[in-house]
Every structure is written in C-alpha cells, then in structure tokens.
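Please open the structure in the viewer and keep the selection panel at hand.

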Amino acid sequence: MGQAREVVVEALRDLLGKKGVRIQEDDFLPDVIVKPESTEQVSKVLRICNDAGQAVVPIGGRTGLVNGLWQTDGEIGLSLERMNAVEEIDSVNRTMTVQAGCILQVALEAAEDENLLLPLDLGARGSATVGGNVATNAGGNMVIRYGMVRDMILGLEVVLADGTVLSNLNKTLKNNTGYDLKQLFIGAEGTLGVVTRVVFRLRPLPVSQNTALLAVDGFSALEQLLRWMDTHTAGTLSAFEVMWPEFYSYVTRDGSNHRPPLPAGDSFYVLVETRGSDPVADAERFEGVLGEAMEAGLVADAVLTRSQAERNALWEIRDDVLDFFNLGPFIPFDISVTLDRLESFVAMVRSRAEAIDEPICILFGHLGDCNLHVLLGSRRSEAFDPAQIEEIVYGAVEHFGGSVSAEHGVGLAKRSQLHRSRSEAELRVMMSMKHWLDPKNILNPNKIFAATEIAAQ
Ligand code: ZN
C-alpha cells in the first residue's frame, strides 16, 4: 500500500471504526473494502477520497458479468452492505423506499408481503443488491412487460464524487421539473455517483400465473408467435424466453439435471408466461390463445404446467446456463439486435463461427426485448481465441446496427467495443459528463472509459 493510500485508509478507519474497514486478499477486487452505514458516512468517505485523489469502486452483490468491480489502479472498495434496509413500503402510493445495499430478493419478498410487485427478477436475485441493479440498469425476465430498472424508478439518492448528496426521493410518476437527474446515474455503473437510496414504483401483485414450453418450427413462426401472444393475452404476457435447439438439447440431454418436457429436434423452444389477476379466466384465455396458435401453425408442440413444481422445472431448464461450462471455454455475450434483423444476425454468427475449431455456439435470449445471449467458444481449449470470438460476434452486431451490451453493461470487458454501438459525438458527451461530475476521476475509473481517454478530453 502506498503511503498516501495508507493515510486515506487510516482516516477512513477513524471515520467508520474497525468494523467499517475490511482488508482482504483478492486477485481482482479491491483489497480494502469500506462499509459505511449511512448516506452521511458515504458522503464523508467520498470527500476524504476525493481530497486525496483516491479512487473508489462501489461494490454491490458481485454478480455482474463485465468485470465492473476490478481493481485497476489501487481503488478502495465501497460496499453498502450495512445500508440494506427496506425503509418503507407505501401501499397508498404503491412505492418502496429501499437502501442500496438491500439484497434484491429481500426487496422482492417485502413487496410481496404487502401484496405488491417489484417487477424486477433475475437469476442472481439471492445475492445481487438493489444498488447494483440500479447502477447497471438491470434487465431480467419481466422486461417485456415492465421494462428495465430505469422504467421502475421514481426517486433516487446519489452521492457525488466530492461528497455532495443529491437526494430526490420522489414518489410520483409525473414530475417534469427540469432535467431528470436520476437517469444520469441509472446504468452509469458507479462512474458518476454512488447510489444510496431508491424509490421504486410497485405494481399490483399478479395472482395468476400461466406457464408453458412451446416448440416452434422456423424463425418466421417464432416472430409471429411473439406478436400473437402479446396481442391476445390482454397485456399479461410477462416472459417470452427463447432457447435455440443446441441450448435445449444439451440442457435436457441424457444424464443432465433435467427431464425434457418436449422432445428435442425442433428449431426453437419458447418459455412463455402470463401473469394476471383472475386465475380462472386467465388460465382459460392462455389455453385458448395457445390452441389457436397451434391451429395457425405457429406452435408445433406444447406443454402447459399444472403446478408450481412443474413451472419451476421449466424455468430451471432456461436458467441452467452454468451447465455449458462443461462443454469447454466460451465467452458469454449479451447483445441486442432488432427483431427484423435477428435471423440474419444469427446466420452471420453461425457461418463465421465455422472458422473456429470444434466451435461451441449456444443461443438463447429474451426475444421480446430483442436481447440475445450468445455463448461462443471452442471445445478444444487450445483453439479458444478470445480476440477471434469477439470479432465474430461484435463485428456482426456492428454490421446489423445492434448494441454490444443489452443488460450487462460495459465495465472493463466491453470498453473497447463501445465505439461499435455509439457515435463519436455520443462518446464525447459521455466523457464530458464524467469529467464534469467527477473531475478527479475517482469513481470507478477505467470502467466504461479508460482514464487516459477521459484525461485526453
Ligand atoms: Zn439475460
């Protein structure tokens, strides 16, 4: 530890006490983690760090996928794990005020206890924090119905690099009083400010849930099916998750953790779900709509769930992404391309992937959001060439005017790809914003932009 850094850590120990500073050994994450327990303490921590030019990385549940928490230049970690309270659920205004360190699942359950829905659900719910979800503008499995995190936030409290507390715990849906500052910090990955408290808009808790797995022949049927379901389920469609055939056949292969609910061999498998307010009528409508889709030739085969256990079994197939690590090394991509271009995009990736020795090419995604996950690699680890693989996928994304990150953010991992999805002018404005809000570049430096790029502005 450098001398100046030691002085800062000492000052932070004086401020937060022994419990508030942890030293840890880690190859990638910061070795010093500070744990303030109030917004006021966060403000003081940042003021101390800013005065000393000491870089800070805000740390949530460590579930991100773009190396957004990695130490690049002696950063200190700022964890809000002690600021984890659900402060208020306001059932009249249907809002929830929660501290940033709260685990997502705790917030979900607290809303549910009041018969309300926080419409944010993702695989990492048991460890991800609300603050991390806000900082990365998380997506997940209900975006098709409720949008991303950005769409469910009414108010936000943020601490700026110099310790200024920017608090607007607004609870109303309509608030056109000048610039909407909170949007600057949502999805900024902790580079513009540290999120300390959030006001979420809650929704009525759905009481019915209808889930099915569908086999679909061909992209044209798939695309029509999405529109069909969305049009005919009276606004209740809450998931449309698509697995390409390699995904489905591998996850349900002999000896895997899952029994295949439908035989493999079709071109797509779709997990559809509706959530509504009338169990009897919703179930009837769901079956009716699927029946008509089958008659119209949009669905080749279908299995409907009759119990929570059956529903869980379907979602476990969709969520079993870790199983693919048994195939060999790959890079997990998170991209978006508009629906009308998606089939050609996939064809381009597949044909370019033929240049890889024994390729792994697994596709799945949230099709209603035009968000595709691609796992591309090689079964032979000697043939695994990350630069070649990134060029295949990001080159195709650029070709079709897509986004190099849909829901996972930029961090360190996608920094060098940003120019493929954003113009020079956009990047210049973003860097000026960073420079203006954080002139010493102490907040998560080197994420989204390299420190040298900001300095050269
Ligand atoms: Zn996803």
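How many disulfides does a search of the whole structure find? The search finds zero. The model under view is a predicted one.

**The cysteines.** Select cysteine 361 and display its sulfur. The closest cysteine sulfur belongs to cysteine 370 and lies 19 Å away, which is too far for a bond, because a disulfide requires two cysteine sulfur atoms within 2.5 Å. Cysteine 361 is also buried, its relative accessible area being 13%. Next, select cysteine 49, which counts as buried at 0% relative accessibility.

**The domains.** Colour the chain by its domain assignment: domain 1 (3-79), domain 2 (86-204), domain 3 (208-321), domain 4 (327-416) and domain 5 (418-455). Then keep domain 3 and domain 4 in view; their centres, taken over C-alpha atoms, are 24 Å apart.

**Where domain 3 meets domain 4.** In this interface, 14 residues of domain 3 are in contact with 17 residues of domain 4. Together the two domains bury about 1500 Å², of which 69% is on carbon and sulfur atoms. Select Phe219, Trp244 and Glu246: these residues supply 39% of the area that domain 3 buries against domain 4, more than any other three residues.

Terms used: Residues are numbered from 1 along each chain as its sequence is written. This is a predicted model: local features need pLDDT of at least 70, side-chain atom pairs count only at pLDDT 80 or more; totals for chains, interfaces and linings use all residues. Side-chain values use heavy atoms; hydrogens and water are left out. Buried means under 20% relative accessible area, exposed over 50%, partly exposed in between (1.4 Å probe, protein chains only). Domain bounds come from an automatic or database domain assignment. Contact means heavy atoms within 4.5 Å. Buried area is the accessible area (1.4 Å probe) that two parts lose on being put together, summed over both.
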